[in-house]
Amino acid sequence: MSDVLQVRMYEQLEDTPERRCIGFLSPDGEVSWRTWETFFRHAAGRAARMQAEGLGPGDVCVLVLQSKEFCASALLAALMTGAIPLLVAPPVIQGANTSLGRILLRTVRKTRAKLVVADASLLELRDRLERSRRGTRYVFGDHALDGGDPSRVSPVAPARDDWAAYQLTSGTTGFPRVCMWKQHKVVAALDAMMGAMRLGRDDVCFNWTPLYHDMGLVNNFFLCLANGIPLVMLSPQAFVKRPALWLRGLATTGSTVTWSPNFGYAITTKMARDRDLEGVRLDHVRAFWNAAERIHLDTVLAFRDRFAAYGVRPDALKTNFGCAENVGGATFTDVDGSFAYEWVDRMALQEKRQAIPTPPGENAVAIVGAGRPAPGLEVHILSRTGRRLPDGHVGEVALHTPSRMEGYLDNQKATRRAICGDLLRTGDLGYVRDRELFWVGRVRERINVFGKKLDPSDFERALLHVEGLRPGCFAAFGVDDEGRGTQRIVVVSEVREPLARDVEALADDVRERLQQELGIDVSEVLLVPKGTLTKTSSGKRRHRHFRELYLEGRLQDNRLQLQNA
Amino acid sequence: MEGKTSVPPSSPGDGKGDDGSIEARIKSALVKSLRLNMDPTVIPSDVPLIGKGLGLDSVSVLQLVGAVEETLGITVDDTDINRDLFQNIQVLADYVRHKLAAS
């Protein structure tokens with residue numbers, strides 16, 4: 001079998017042109033299926049238009065589109081031209097995230113993109129974008145690639161060492177890193193996932209996660225298209241508005257496999273009412289995969305109990321660990337079993353970095369397993385000095401993997417940190433027991449909200465613009481929000497004294513600025529007097545340290561009163 | 001950020017006289033869909049929904065839109081989900097009234 005993504009896809013097309021390839025579920029629950037022949041013909045028309053815009057093999061094509069049919073088609077079209085696709089998240093609330101223009105400009109410059117296909121809502125940025133770099137073409141809206149002649153596009157066959165795709169991942173300077181994936185590494189990731197999930201042509205995958213996230217892109221779109229598995233897509237917005245659509249859609253399309261970050265399970269459990277689910281049966285869903293953010297035991301158990309009456313089986317609840325640097329998933333719950341979890345001693349975990357099993361109780365913490373390594377992959381746990389640790393000891397998760405990225409584009413320092421000999425260092429903290437990987441956190445503090453990852457140092461630049469704060473004297477961290485199944489963001493900052501502003505207005509400014517610069521919503525802003533943060537700690541461990549103080553309730557005492565200072 | 005849509009003056013916040021009004025139904029949808037632990041009538045109609053004020057994140061905004069669509073029987077186009085629409089409940093209510101009149 002070929003180890004080139006496009007060749008694999010074309011083999012499926014030739015094999016079964018009349019079979020269902022991809023279906024799109026509308027917000028009112030209707031599914032429109034496209035056969036392989038139709039989906040490829042439509043994409044070929046768009047590929048012809050891309051070629052007319054100058055896009056060719058090896059060029060970068062940036063897609064900034066909502067995850068709907070046009071995005072899926074444009075993505076396939078870009079692959080058909082032999083270009084390197086790179087997907088960037090468009091804004092959910094239009095006009096609310098001004099950081100997008102900056103991220104897009106930097107991405108375009110950094111990758112020397114030839115073509116950008118953007119959502120119509122970005123038209124207002126057109127002048128700014130077009131001025132910034134000569135040689136990049138921009139087209140806007142769902143009809144921008146209409147009218148191309150499909151017959152002009154002949155199948156491409158990139159080499160196994162050519163770039164298959166680029167993927168953005170969280171960075172440390174307010175700008176995402178660009179992961180570079182080679183063709184044969186992407187195919188290796190897909191083969192590993194096929195083996196671990198034991199997918200076959202009788203399966204149907206259902207995806208509401210965005211295509212710009214590796215869960216949507218690799219675990220669903222690439223995996224299904226390269227292996228002839230029908231894929232149903234629902235837009236992330238439609239899912240969040242009415243989570244019951246996910247469960248109804250699984251039932252009506254006979255889907256067998258689906259993915260979601262933890263928060264998706266939490267909001268579905270809360271929001272989907274019985275009257276939305278009349279007649280829904282989920283017995284045929286053999287895998288609900290949970291990945292991409294911390295997995296809460298309570299969330300998974302609540303989902304299981306809430307929907308058991310609809311046929312959700314305990315052994316269908318699965319977990320996974322993966323990262324963009326590994327292209328796809330690395331560890332998976334066994335196909336025949338339910339996810340694993342264990343209770344360990346809280347103090348020993350925090351202070352000795354050891355996971356000692358203990359009965360549930362006040363001093364115990366539940367850790368959810370992320371599965372066992374996919375075929376051909378090994379997981380190692382490394383000490384701070386790089387020594388391999390035995391079972392039950394917490395350290396950095398490193399992968400010996402056939403699907404490792406080549407590196408980060410134009411970032412040798414970060415690449416050297418991640419690729420260490422024949423290992424990929426993930427920056428995640430965990431331990432192994434009986435081959436099962438248990439994820440416990442990050443080496444560097446990282447905020448993870450709704451599956452989106454942020455480095456606290458990203459906040460520094462944005463906060464510099466807020467008048468009244470002491471520069472650099474802040475901590476930002478995520479606090480688990482069990483109710484919503486994700487994290488909420490807390491920012492603590494020292495203020496300048498004497499403070500000439502209203503404390504509440506200053507806190508509002510902080511929220512507003514972080515929303516504009518980073519597109520994130522801060523749930524709590526805690527303003528504290530000079531000296532509160534600086535006296536105690538500094539450097540990389542600051543965010544983690546203050547997170548602990550916050551959770552113990554020791555920072556809140558220093559809160560400035562909500563009144564004019 | 002200044003709003004671009006003009007908002008007619010009203011009696012924000014007192015909750016009086018808007019029982020059964022679009023504003024009241026939006027407030028009740030807001031409290032229910034986000035499981036806020038508060039009495040909907042105490043939410044002022046002029047409090048910003050995103051950024052300042054209630055500080056809803058994008059996921060909460062979509063949950064609110066879903067609840068408003070359902071309780072008021074309208075469809076909010078994705079292209080209408082912009083910053084201006086969530087200036088406050090009053091603006092959102094005006095939008096809903098416009099949608100209802102057009103349907």
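Mentor: The discussion below takes up a helix, its packing and a chain contact. This is a predicted model, in which local features need pLDDT of at least 70, side-chain atom pairs count only at pLDDT 80 or more, and totals for chains, interfaces and linings use all residues. Residues are numbered from 1 along each chain as its sequence is written, and chains are lettered from A and ligands numbered from 1 in the order in which they are written.

Trainee: What span should helix H3 of chain A have?

Mentor: Helices are DSSP runs (H or I, at least four residues), numbered from the N terminus. The expected span is 1.5 Å times one less than the number of residues. For the 12 residues of H3(A), 69-80, that gives 16 Å, in agreement with end C-alpha atoms 16 Å apart. Gly82(A), which follows H3(A), has a positive phi near 85°.

Trainee: How many residues of H3(A) are buried?

Mentor: A residue is buried if 20 or more other C-beta atoms, placed from the backbone, lie within 10 Å of its own. In H3(A) 11 of the 12 residues are buried, so the helix is largely enclosed by the rest of the structure. Among them are Phe70(A), Cys71(A) and Leu75(A).

Trainee: How does H2(A) pack against H3(A)?

Mentor: Two packed helices are described by the angle between their axes and the distance between the axes. Axes are lines fitted to C-alpha atoms over the stretch in contact, with angles from 0 to 180 degrees between N-to-C directions. H2(A), residues 36-52, packs on H3(A) at about 65°, the axes being 8 Å apart.

Note on methods:
Helix = DSSP H or I, 4+ residues; strand = E, 2+ residues; numbered from the N terminus.
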